[in-house]
Amino acid sequence: MKLFLLLSALGLCWAQYAPHTQQGRTSIVHLFEWRWADIAAECERYLGPKGFGGVQVSPANENVVINNPYRPWWERYQPVSYKLCTRSGNEAEFKNMVTRCNNVGVRIYVDAVINHMCGSGNPAGTSSTCGSYYNPNNRDFPAVPYSGLDFNDNKCNGEISNYNDASQVRNCRLSGLLDLALEKDYVRTKIADYLNHLIDIGVAGFRLDAAKHMWPGDIKAVLNKLHNLNTSWFSAGSRPFIFQEVIDLGGEAIKSSEYFGNGRVTEFKYGAKLGTVIRKWNGEKMSYLKNWGEGWGFVPSDRALVFVDNHDNQRGHGAGGASILTFWDARMYKMAVGFMLAHPYGFTRIMSSYRWDRNFQNGKDVNDWIGPPNNNGATKAVTINADSTCGNGWVCEHRWRQIRNMAAFRNVVDGQPFSNWWDNGSNQVAFGRGNRGFIVFNNDDRSLSTTLQTGLPAGTYCDVISGDKVNGNCTGIKIQVGGDGKASFSISNSAEDPFIAIHAESKL
């Protein structure tokens, strides 16, 4: 009995770090700016059947409507109230999505914008996604309600100017956004009421936007007010999964480690460093990835949420700079995502994007603001082409065969040790995951042809990068593993996808 109570206590302690994905599902996907109806359909037709664990969705609460012809993506990060209506859909559609996704084992994580309300420069009025009135100049948000008493103007009514001053970063305005006074119990309660409404509907957790701009203790106080997860889909006593957006590339006053007590943190160094390695910039080589993870100065694996790119830095915002790989760099991007999903470090999130017309002027994309594909401001449906790719301007990287199959690879090798590392001292590397999977990369400018110890049982395996295992055969390359666990690999340096991956469930 004592052991049971101890384990129960440990479970509660660790709950906010656990994503509550179903057994055998190890990755989530960010369906950036998708409509709730399209996410519900995608859970049923693709994400559930393909073994994805969950979806990060765009902010669910009412926001300002910015009257550009296409409405910028960032209007979603300018709250007006905590009503559940956005260009992704209304409250009924949100509830329908959460129910349908949970019913097929796909969890929903909401991007929670709780650090601030909309920008001070917005005019007063009802130009918002639910039509609620607001007056940022008077700090008047009657639909919450918030007043001038609920903001940090008495501490700082200006912009953040010095990121080496932790008080400024947490009390001043980020890009003109009105900073909420989270030390006030009234504000904490209003935020908790919003998050609890989402929890009661059935969401599994939250990405906390701009967490670095809030005091860790204030976040903790809000989290302490949250309900347990809905027992229709989660075991009794389950706590919401928390991952906090903390951009910490080193060299600033605020450290990711300050937020570990609240949940996981977004490890922005991951995508920035991996992009530099795959691009072979600054003399970096894939052979240096042998001690990838904490050995590269990253946060502990059980505190990290990792990604190759996110909605900010694929546009040059946020963190990482020019090294960040995105769908625009498809060949290198697939290698980077393949490496992430094969490697045991961190909890992995896959990006799913939309296209926009890029326009570089003086090295900056002046179209980085463009919102999702739309007709006169109404977000377009995600259409599915005959080859299972997406139409209507949606990229759907999670549907690319190489990425979808590597998400399955991660599921198959879950819990297995990092093993059988090999490299050529340059940009040809390979490694295994115990006796369940093996992956080989050729990012050199010469061909790879070698025999390697895979750690896998003897047999014929389908490479899941060049094809699929279908009806007992391979649509792509076959790899023969001998009784000694060794296999021969050949990868041209000009191959469209210069890597090969095999796993226990791709064996014929």
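Two residues are in contact when they have heavy atoms within 4.5 Å of each other. Keep that in mind for the exercises below. The model is predicted, so local features need pLDDT of at least 70, side-chain atom pairs count only at pLDDT 80 or more, and totals for chains, interfaces and linings use all residues. Residues are numbered from 1 along each chain as its sequence is written, and side-chain values use heavy atoms, with hydrogens and water left out.

**Exercise 1. Find Asp218 and describe its surroundings.**

Step 1: Look in helix H6, where Asp218 is found. Helices (H or I, at least four residues) and strands (E, at least two) are DSSP runs, numbered from the N terminus.

Step 2: Check how covered Asp218 is. Its relative accessible area is 9%, so Asp218 is buried. Buried means under 20% relative accessible area, exposed over 50%, and partly exposed in between, with a 1.4 Å probe and protein chains only.

Step 3: List the neighbours. Leaving aside residues up to four places away in sequence, Asp218 touches Leu182, Glu183 and Arg188.

**Exercise 2. Work out which residues of H6 are buried and what covers them.**

Step 1: Trace H6 over residues 216-223; six of its eight residues are buried.

Step 2: Name them: Pro216, Asp218, Ile219, Ala221, Val222 and Leu223.

Step 3: Look for the cover, which includes helices H4 (166-171) and H5 (185-201) as well as strands E6 (205-208) and E7 (241-244).

**Exercise 3. Follow strand E6 and identify its pairing partners.**

Step 1: Inspect the two sides of E6. Gly205 and Arg207 are buried on one side, and Phe206 and Leu208 are buried on the other.

Step 2: Find the partners. Strand E3 (residues 107-112) pairs with E6 in the parallel sense over four bridges, and E6 also pairs with E7 in the parallel sense over four bridges. Two strands count as paired if DSSP finds at least two bridges between them.

Step 3: Focus on Leu208. Ala112 stands opposite this residue, and Gln244 in E7 is its bridge partner.

**Exercise 4. Describe strand E2 and its pairing with E1.**

Step 1: Go to residues 54-57. Gly54 and Gln56 are buried on one face of E2, while Val55 and Val57 are buried on the other.

Step 2: Ile28 stands opposite Gly54.

**Exercise 5. Is Asn63 buried or exposed, and what does it touch?**

Step 1: Search the loop between E2 and helix H3 (91-103), where Asn63 lies.

Step 2: Read its relative accessibility: at 0%, Asn63 counts as buried.

Step 3: Beyond residues up to four places away in sequence, Asn63 touches Glu75, Arg76, Gln78, Pro79, Val80, Thr86, Ser128 and Thr129.

**Exercise 6. Locate His503 and list its contacts.**

Step 1: Turn to strand E24 (residues 499-503), which holds His503.

Step 2: His503 is buried, with a relative accessible area of 6%.

Step 3: Not counting residues up to four places away in sequence, His503 touches Phe409, Val412, Arg436, Gly437, Leu456, Tyr461 and Val464.

**Exercise 7. Step back and describe the whole protein.**

Step 1: Take the secondary structure, which comes to nine helices and 24 strands.

Step 2: Consider burial: 59% of the 508 residues are buried.

Step 3: Turn to contacts. Among those between residues at least 6 apart in sequence, 69% join residues at least 24 apart.
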